[in-house]
Amino acid sequence: DFTTLPDLAARRLGGMVLIANDEFFAPKENLLEPGAPVFDPDRYTDRGKEMDGWETRRRRDPGHDWCIVRLGIPGIVRGVVVDTSFFRGNYPDHCSIEACSARIDASPEELLSPSTKWEEILEKSPLAGDSKNPFSVTSKHHYSHLRFNIFPDGGVARLRVHGDVVPDIRR
């Protein structure tokens, strides 16, 4: 069971969502909140219902939404949990994850550069709404950053990245 392994993206370990292409309804930082997501039916923001997660606006053009996560501890990813709790009609249909090994202090511009090599570690996979969606990952490489893609848009409450810790000895 990969969920017994450490969450490599945990905020308390230095995990951080560095950049997202859209966070219109709810901020990207919510993805790595340490606790379980919560729902308050009476809370609203100036943009609508307040949701505990990362939520993008509906796309009117081709493409998909994404964010880049810096792992708090580099490691070999063994599985991820994409938690769509409380997102019932506004969750993404699918997700995928790419990973790279870069300097821990790499800037978003460097990570988005064509010279950064991303490897798909989770192919485009269907998501269920208002549930925890676990996915096993088979990889032999250690990574420092993930690109979390949602298709086409929507809301995800939490992202947990479980794996084996492999410290970067260059640090």
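Hi everyone, let me start with a definition: a residue is buried when its relative accessible area is under 20%, exposed when that area is over 50%, and partly exposed in between, using a 1.4 Å probe and protein chains only. By that rule, 49% of the 171 residues of this protein count as buried.

A word on what we are looking at. This is a predicted model, where local features need pLDDT of at least 70 and side-chain atom pairs count only at pLDDT 80 or more, while totals for chains, interfaces and linings use all residues. Residues are numbered from 1 along each chain as its sequence is written, and side-chain values use heavy atoms, leaving out hydrogens and water.

Now the overall layout. Reading from the N terminus, the order is β-β-β-β-β-β-α-β-β-β-β-β. The radius of gyration is 15 Å, close to the 16 Å from the globule rule for 171 residues, so the protein is as compact as a globular protein of that length. That radius is taken over C-alpha atoms, and the rule is 2.2 Å times the number of residues to the power 0.38. Along the principal axes, the C-alpha atoms fill a box of roughly 50 × 35 × 25 Å.

Next, contacts, meaning heavy atoms within 4.5 Å. Among contacts between residues at least 6 apart in sequence, 83% join residues at least 24 apart.

Leaving aside residues up to four places away in sequence, Pro-37 touches Asp-52, Asp-83, Ser-85, Phe-86, Ala-157 and Arg-158. Glu-29 lies in the loop between strand 1 (16-20) and strand 2 (44-45), but Glu-29 is partly exposed, at 35%. With the neighbours up to four places away left out, Glu-29 touches Arg-11 and Glu-23. Its C-alpha is 7.2 Å from that of Met-16, 13 residues away in sequence.

Let's follow Phe-86, one of the partners of Pro-37. Most residues other than glycine have a negative phi, and most peptide bonds are trans. Phe-86 is in the loop between strand 5 (65-83) and strand 6 (94-100), and is partly exposed at 26%. Asp-130 also has a positive phi, about 50°, without being a glycine. Its loop runs between strand 7 (119-126) and strand 8 (132-136), and Asp-130 is partly exposed at 32%.

The peptide bond from Phe-151 to Pro-152 is cis, with omega near -15°. Pro-152 belongs to the loop between strand 9 (143-151) and strand 10 (155-156).

Last topic: cysteines. Cys-67 is buried at 0% relative accessibility, and Cys-100 is buried at 2%.

Conventions
Helix = DSSP H or I, 4+ residues; strand = E, 2+ residues; numbered from the N terminus.
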